[in-house]
Amino acid sequence: MVKTNNNMIKRILFSALIAVSLSACQATPTGQPQAPVFDEYINGGDILPIDKITTIDGEVLDLHQLGKRKLVVLFATWCTDSNSLMLALNESSVLKDNNIDVVAISREEDVETISAWRDKRGITIKLATDVDRSIYKRFASGGIPRVITVGENNKIIKMNLAEGQQQLEKIVWQ
């Protein structure tokens, strides 16, 4: 009787091991990194869910003002991809376009941290802070940096996660 129970336990464990091994093979292809998927709470055509924001320099920006396109960047100073994007954006022609308002909102950081980061890197983009993530959570559950393009009518055109290479190509106006 004990021998039969041991054999049965071995069969069950073996079957469980085979099932787990087979399911793992289908879940993640070898050599293919899986990018995390985050919930997004806005879509193209939605109205930008921020009316006004105050920059770290005290300037109040009316993000519902009609007539100009807007680029909203959600970032963090500690994030490598955010740093790359912000440096590239700082050197881009987007900032020179008088028909586009640009604001970058740092997630869960204070004014002092963002100011020191800006000054050290020579960033000229208007910066704001979202110390409690109350702004960020209107857009997505995770993932930075994010670029959100907004039309002259204040409707969102596109939101993209701008990780990795060619980050400025993630800024889509149509």
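Leu-61 lies in strand 2 of this predicted model. Its relative accessible area is 11%, and because buried means under 20%, Leu-61 counts as buried. Leaving aside neighbours within four places in sequence, the contacts of Leu-61 are with Asp-51, Lys-52, Ile-53, Thr-55, Val-103 and Lys-126. One of these residues, Asp-51, is 10 residues away along the chain, and its C-alpha atom is separated from that of Leu-61 by 8.5 Å.

Which strand supplies the largest share of the lining? That share, four residues, comes from strand 4. Strand 2, residues 60-62, is also represented, for strand 2 and strand 4 each contribute at least two residues to the lining. Sorted by class, the lining residues comprise eight nonpolar, two polar and four charged ones.

Five strands form an open sheet in the order 5-4-3-6-7, and their pairing is mixed. The edges are formed by strand 5 (126-130) and strand 7 (156-161), each of which pairs on one side only. From one strand to the next, the twist averages 20 degrees.

At one end of this order, strand 4, covering residues 100-107, pairs with strand 5 in the parallel sense, over five bridges. Within this part of the sheet, Asp-130 in strand 5 stands opposite Arg-107.

Two helices pack on the sheet. Helix 2, residues 80-91, touches strand 3 (69-75), strand 4, strand 5 and strand 6 (146-150). The direction of helix 2 makes about 150 degrees with that of strand 3. Helix 3, residues 111-121, packs on the sheet through strand 3, strand 4 and strand 5. For helix 3 the angle is given relative to strand 5, and its value is about 150 degrees.

Strand 4 pairs with strand 5, is touched by helix 2 and by helix 3, and supplies four residues to the lining of the largest pocket.

Terms used. Residues numbered from 1 in each chain as written. Predicted model: local features only at pLDDT ≥ 70, side-chain atom pairs only at ≥ 80, totals over all residues. Heavy atoms only, no water. Pairing = 2+ DSSP bridges. Axes fitted to C-alpha atoms, helices over the stretch in contact; angles between N-to-C directions. Contact = heavy atoms within 4.5 Å. Nonpolar A, V, L, I, M, F, W, Y, C, P; charged D, E, K, R; others polar. Buried < 20%, exposed > 50% of the residue type's maximum accessible area, 1.4 Å probe, protein only.
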